[in-house]
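Work through the two exercises below with the coordinates open. Each has a task sentence and a stepwise solution.

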Amino acid sequence: MGKIIKLGATLGVFCVVSAGLLAYVFLLTMPQIEANAKATFESSLREVLPGAATFKALTKPEEKTQIYEGCAGEKRVGLAVKLAPRGYAGEIDMLVGVDPELRVKGMKILNQRETPGLGANVLKPKFIGQFIGKGTGDALEPKKDVDALTGATISTRAVAEGVKAALRSSEKYKGNP
């Protein structure tokens with residue numbers, strides 16, 4: 001019985017030391033992880049709004065739909081809208097760049113958990129490319145003016161709805177915010 005208690009105590013000490021070291025490493029690396037995440041997001045903003053050098057948040061960070069104004073000097077290049085429509089397997093985090101004429105300038109899927117080989121095809125450049133140039137006057141309906149992914153109509157519809165929502169949100173900020 002004494003061996004079991006001694007073994008349990010040793011294991012407990014190892015667990016406490018390991019947890020402490022893990023927490024310490026987490027605290028040391030957290031600022032770098034946050035800085036990398038911020039840099040990656042800013043790169044994504046530039047990707048969906050080419051030509052923009054600076055970005056200013058127009059909405060609060062806790063809002064579900066976040067809007068950023070992209071500028072080149074004093075000139076507004078457009079808006080970047082971050083939103084997350086519901087797909088088949090969960091939310092599809094996406095970023096949509098909208099020019100001042102309310103047309104899609106760029107689009108990027110930031111995160112998704114759709115079915116590999118089906119819904120995950122929302123990441124493919126050919127699929128994303130079909131939304132470039134679409135505007136508020138376009139229906140953005142799968143199988144009509146948007147090519148649906150085979151076997152992934154729900155994912156297609158979610159992305160199309162996301163683009164429509166981004167365009168609607170951008171309409172509110174068309175002039176100066």
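The exercises cover aromatic pairs and a cavity.

The model is predicted: local features need pLDDT of at least 70, side-chain atom pairs count only at pLDDT 80 or more, and totals for chains, interfaces and linings use all residues. Residues are numbered from 1 along each chain as its sequence is written, and side-chain values use heavy atoms, without hydrogens and water.

**Exercise 1.** Find the aromatic pairs and classify their geometry.

Step 1. Rings of Phe, Tyr and Trp (its six-membered ring) pair if their centres lie within 6.5 Å; planes under 30 degrees apart are stacked, over 60 edge-to-face, the rest tilted.

Step 2. Phe41 and Tyr68 are 5.4 Å apart centre to centre with 65° between the planes, hence edge-to-face. Phe41 belongs to helix 1 (residues 2–48) and Tyr68 to strand 2 (residues 66–72), so this pair ties together parts 27 residues apart in sequence. Helices (H or I, at least four residues) and strands (E, at least two) are DSSP runs numbered from the N terminus.

Step 3. Phe127 and Phe131 are also edge-to-face, at 5.4 Å and 75°. Phe127 is buried at 4% relative accessibility and Phe131 at 0%, where buried means under 20% relative accessible area (1.4 Å probe, protein chains only).

**Exercise 2.** Which residues line the largest cavity, and how do they divide into nonpolar, polar and charged?

Step 1. The lining consists of Arg76, Gly78, Leu79, Val98, Asp99, Pro100, Leu102, Tyr173 and Lys174. A cavity is a set of points on a 1 Å grid over the protein atoms alone where a 1.4 Å probe fits but cannot get out; lining residues have an atom within 4 Å of a point.

Step 2. With Ala, Val, Leu, Ile, Met, Phe, Trp, Tyr, Cys and Pro as nonpolar, Asp, Glu, Lys and Arg as charged, and the others, Gly among them, as polar, the lining has five nonpolar, one polar and three charged residues.

Terms used. Buried means under 20% relative accessible area, exposed over 50%, partly exposed in between (1.4 Å probe, protein chains only). On a 1 Å grid over the protein atoms alone, a cavity is a set of points where a 1.4 Å probe fits but cannot get out, and a pocket is an open set with protein on both sides within 12 Å along at least five of seven lines; lining residues have an atom within 4 Å of a point.
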